[in-house]
Amino acid sequence: MELDPDDEDDKQESHFHIAVSCIAQSLKSHIINRSNDEIAICFFNTREKKNLQDLNGVYVFNVPERECIDRPTARMIKDFDLIEESFEKDIGSQNGIVSDSRENSLYSALWVAQALLRKGSSKTADKRIFLFTNEDDPFGSMRISVKEDMTRTTLQRAKDAQDLGISIELLPLSHPDKQFDITLFYKDLIGLNSDELTEFMPSVGQKLDDMKDQLKKRVLAKRIAKRITFVICDGLSIELNGYALLRPAIPGTITWLDSTTNLPVKVERSYICTDTGAIMQEPIQRIQPYKNQDVMFTTGELSQLKKISTGHLRLLGFKPLSCLKDYHNLKPSTFLYPSDKEVIGSTRAFIALHRSMIQLGRFAVAFYGGTTPPRMVALVAQDEIEGDGGQVEPPGMNMIYLPYANDIRDIEELHSKPGVAVPRASDDQLKKASTLMRRLELKDFTVCQFANPALQKHYAILQAIALDEDQVRETRDETLPDEEGMNRPAVVKAIEEFKQSIYGDDSDEESDSGPKEKTRKRKAGIADEGNYDFIELAKTGKLKDLTVVELKTYLAANNLSVVGKKEVLINRILTHISK
């Protein structure tokens with residue numbers, strides 16, 4: 001990462017302050033999002049020099065006794081937060097590249113950055129250089145011959161870095177009275193064509209805002225979750241790689257540390273005989289009583305008993321896509337893609353099956369089992385989707401986990417009573433409900449629009465502890481209702497019309513004769529049907545023998561709170577009866 005320090009006096013609004021703020025916030029997010037990434041911060045066009053190549057005008061910031069390119073740590077973040085105060089004293093800046101000088105700090109910075117990113121292969125790691133600068137023509141004050149030579153060598157250095165798999169992203173900073181002109185030099189350095197010029201500058205502002213206001217979330221590496229052998233028929237099987245599309249976002253695991261050395265504690269488990277107190281060396285066996293005898297099983301035998309199949313995915317047949325319903329999807333699907341690593345020809349066989357399923361509008365039904373509970377799965381072929389920027393969705397198959405018959409419950413059967421017809425909404429009520437849902441519908445909704453407030457607060461507390469901050473950063477709860485949107489006239493009208501269609505003239509919740517009174521009467525009727533003498537049960541101490549639901553019938557019938565555990569409910573009933 002390269003940085004062009006700005007020499008303006010106004011630290012709050014200077015380009016230097018903007019760049020430092022973006023980097024500091026990016027470091028704080030990186031330590032959670034991608035904690036394994038390695039980052040280097042390189043200032044160029046500086047008075048002091050500090051780099052392995054001993055080049056003038058380049059200063060690499062690092063934590064003492066640590067590598068120049070390092071994983072983000074709390075100490076790095078705390079030291080970098082003080083860079084604005086100590087920059088002029090310890091590093092300093094030069095006023096552009098000196099005319100008639102052969103020193104090219106931009107060329108040197110690209111060279112240093114390329115050397116810092118030498119670790120790792122471009123096939124397994126993404127290597128990027130973020131270039132902050134407010135100078136759109138770094139060689140503008142030089143003679144024509146010198147300018148052309150420096151421009152040529154700098155562009156060649158950038159091209160060499162890109163050939164090694166290092167991408168360069170420019171973050172230009174414009175002056176209030178002058179727009180950054182990317183066409184003077186940097187257009188050729190980052191390889192922009194004429195069609196991309198008009199969209200580049202607007203996108204830069206959004207990118208800077210994103211860096212300053214990054215969402216703290218754990219970014220999981222895209223890797224193979226499982227390898228599956230897909231048995232199409234006897235004697236024909238192909239190899240597939242499975243990828244997890246969605247994973248639950250949870251806080252990191254707890255690491256136990258030694259109280260004296262602060263090093264991670266290794267947990268070991270030992271089994272001790274209750275009779276002799278000796279440590280058991282032989283494998284532990286399980287016992288299952290059967291006909292007055294104890295049947296002994298080893299851990300390996302139990303594992304074999306639970307395994308219904310060899311863990312392969314076996315094709316059973318095909319069905320039309322119309323047979324697959326939305327409610328058949330129990331949990332996030334697994335994306336399947338072929339691999340020729342173990343079984344040669346898997347890709348060709350997969351492509352032939354994939355094309356046929358798309359053309360005929362069919363999905364495959366298969367049996368999937370192994371160490372996990374066996375399931376019936378649906379394999380739905382997904383065609384490739386391309387956009388202006390390239391591939392949007394890759395071709396492959398989605399393995400959808402199908403429910404068993406007992407997993408699907410009839411909601412009408414659950415709420416119906418013998419001999420009583422199930423209540424149904426009228427056409428007017430359905431129409432009003434549809435209108436209300438359309439008014440409240442979120443346009444272009446994705447799950448990425450809302451952050452988990454509990455996780456964000458968790459990360460904010462961790463950050464405050466690690467960086468010794470006095471206050472915890474306020475976390476915005478985006479899951480709360482949009483009060484401003486709910487108060488729009490069209491939404492308010494749709495809500496009132498829906499309430500009117502359901503409750504009629506008693507739709508006013510503040511009315512004494514409204515739904516609340518009816519609900520209380522209905523709950524009181526339920527309590528009467530229980531045939532329980534709560535006073536007698538309280539005297540004999542048998543309230544604890546009732547279920548929570550039965551206790552709540554009394555509380556609801558007497559307009560008491562039904563919130564709390566069983567002991568709290570019993571105490572509330574005893575207090576009410578004693579009055």
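This is a predicted model: local features need pLDDT of at least 70, side-chain atom pairs count only at pLDDT 80 or more; totals for chains, interfaces and linings use all residues.

Colleague: OK. Is Ser 333 buried or exposed, then?

Modeller: Ser 333 has a relative accessible area of 13%, so it counts as buried. The cut-off is under 20%.

Colleague: Where does Ser 333 lie?

Modeller: In the loop between strand S10 (313–320) and strand S11 (334–338).

Colleague: And what does Ser 333 touch, leaving out residues up to four places away in sequence?

Modeller: Tyr 243, Leu 245, Asn 398, Met 399, Ile 400 and Tyr 401.

Colleague: What lies over the face of Tyr 401?

Modeller: Lys 331 does, at 4.3 Å from the ring centre.

Colleague: On to rings. How many aromatic pairs does a search of the whole structure find?

Modeller: Nine. Take Phe 16 and Phe 43: the ring centres are 6.4 Å apart and the planes are at 40°, so this pair is tilted. It links distant parts of the chain, with Phe 16 in helix H1 (residues 15–33) and Phe 43 in strand S2 (residues 41–44), 27 residues apart.

Colleague: Are Phe 16 and Phe 43 buried or exposed?

Modeller: Phe 16 is buried, with a relative accessible area of 1%. Phe 43 is buried too, at 0%.

Colleague: What about Phe 61 and Phe 80? How are those rings arranged?

Modeller: Their centres are 5.5 Å apart and their planes are at 70°, so the pair is edge-to-face. Phe 61 lies in strand S3 (residues 58–61) and Phe 80 in helix H2 (residues 74–81), so the pair ties together parts that are 19 residues apart in sequence. Both Phe 61 and Phe 80 are buried.

Colleague: Which residues do ring pairs link into a cluster?

Modeller: Phe 139, Phe 180, Phe 185 and Tyr 186.

Colleague: Switching to helix H4. How many of its residues are buried?

Modeller: 10 of its 12 residues, so H4 is mostly covered by the under 20% cut-off. Among them are Leu 106, Leu 110 and Val 112.

Colleague: What span does H4 reach?

Modeller: H4 covers residues 105–116 and reaches 16 Å from its first C-alpha to its last. That is close to the 16 Å expected at 1.5 Å a residue.

Colleague: What caps the N-terminal end of H4?

Modeller: Asn 104. A side-chain oxygen of Asn 104 lies 3.3 Å from the backbone nitrogen of Leu 106.

Colleague: Now strands S8 and S9. In which sense do they pair?

Modeller: Antiparallel, over six bridges. S8 is residues 285–290 and S9 is residues 293–298. In S9, Asp 294 is the bridge partner of Pro 289.

Colleague: How many residues are between S8 and S9?

Modeller: Two, and the strands form a hairpin. Lys 291 in the turn has a positive phi of about 50°.

Colleague: Last one, Asp 468. Where is it found?

Modeller: In the loop between helix H12 (453–466) and helix H13 (483–486). Asp 468 has a relative accessible area of 57%, so it is exposed.

Colleague: And what does the side chain of Asp 468 make a polar contact with?

Modeller: The side chain of Lys 78, at 3.2 Å. Asp 468 and Lys 78 are 390 residues apart in sequence, yet 8.8 Å apart in space, C-alpha to C-alpha.

Technical notes:
Residues are numbered from 1 along each chain as its sequence is written. Side-chain values use heavy atoms; hydrogens and water are left out. Helices (H or I, at least four residues) and strands (E, at least two) are DSSP runs, numbered from the N terminus. The expected span of a helix is 1.5 Å times one less than its number of residues. Buried means under 20% relative accessible area, exposed over 50%, partly exposed in between (1.4 Å probe, protein chains only). A polar contact is a pair of N or O atoms within 3.5 Å; within protein, one must be able to donate a hydrogen and the other to accept it, and residues adjacent in sequence count only if both atoms are side-chain atoms. Contact means heavy atoms within 4.5 Å. Rings of Phe, Tyr and Trp (its six-membered ring) pair if their centres lie within 6.5 Å; planes under 30 degrees apart count as stacked, over 60 as edge-to-face and the rest as tilted. A charge sits over a ring if NZ of Lys or CZ of Arg is within 6 Å of the ring centre and within 35 degrees of the ring normal. Two strands pair if DSSP finds at least two bridges between them.
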